[in-house]
Amino acid sequence: DLTAESKARIESIGRTYAESNYRNVSDVLNRDPYREDPLVKGMLNGRRVDFETLIMYKATLLHRLAHVQKLQSFRPVIRGDDGWHSLLNDSFRIGPELLYYYDLNYFYNVSKINFNITSTQMRNAVNQRVFDVPAAGNFLLTDYKSQLETLMDIGKEVVCYRDKEEIPDLTRFYLAHDSLREKIAERGRKRILADHTYTRR
């Protein structure tokens, strides 16, 4: 079990990693003020790998939470494990996890806006949702990643936010413009089916 002090330090390291441009957690841990931290110095060999994984998970949790909270005024539906109940207030409608192969496609299609936040360790890459939502024929609002530039026409086939402060305005705009949102979703689906199916890739 970790002490309250250790938990606070892990959260601090996680936040630093989430807000940095470093690709690896070790890049943060090998620099001041963490390099000489007794908690970090005590992590050797296999324990160090486990510790870095813990930091990465904490960083992603903090990163995603800060972005999801920008949607609070829209009373969004969140589907996931019970951990969301301890992180979010009653402004969010939280439902149970969805099975990837059976439920997600339906959920994407009953949502006006599907929201995506990439894990912190994927600094420039995109995750599966960037392909799945447009393939299902629906609208995706996702965080900007440089790799996305080579995959889709940003603004015409998918919409990106570059900073979490943009999330409420973009959400409000695309909720109010059904026709534009649907055209972007349609163009996104055509691009995925033309260039990014499993068979084609």
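Q: What makes phenylalanine 115 and tyrosine 161 count as buried?
A: Buried means under 20% relative accessible area (exposed is over 50%, partly exposed in between; 1.4 Å probe, protein chains only), and both phenylalanine 115 and tyrosine 161 are buried. This is a predicted model, where local features need pLDDT of at least 70, side-chain atom pairs count only at pLDDT 80 or more, and totals for chains, interfaces and linings use all residues. Residues are numbered from 1 along each chain as its sequence is written, and side-chain values use heavy atoms, leaving out hydrogens and water.

Q: How many aromatic pairs are there by the ring rule?
A: Rings of Phe, Tyr and Trp (its six-membered ring) pair if their centres lie within 6.5 Å; planes under 30 degrees apart are stacked, over 60 edge-to-face, the rest tilted. That rule gives 4 aromatic pairs.

Q: Why is the pair of phenylalanine 115 and tyrosine 161 called stacked?
A: Their ring centres are 5.5 Å apart and the planes sit at 15 degrees, so the pair is stacked.

Q: What makes phenylalanine 139 and tyrosine 174 a tilted pair?
A: Those rings are 5.0 Å centre to centre, with 35 degrees between the planes. Both residues are buried too.

Q: Why is α1 called roughly perpendicular to α4?
A: The axes (lines fitted to C-alpha atoms, for helices over the stretch in contact, with angles from 0 to 180 degrees between N-to-C directions) cross at roughly 70 degrees and come within 8 Å. Under 35 degrees is roughly parallel, over 145 roughly antiparallel, 65 to 115 roughly perpendicular and the rest oblique, so α1 is roughly perpendicular to α4.

Conventions:
Helices (H or I, at least four residues) and strands (E, at least two) are DSSP runs, numbered from the N terminus.
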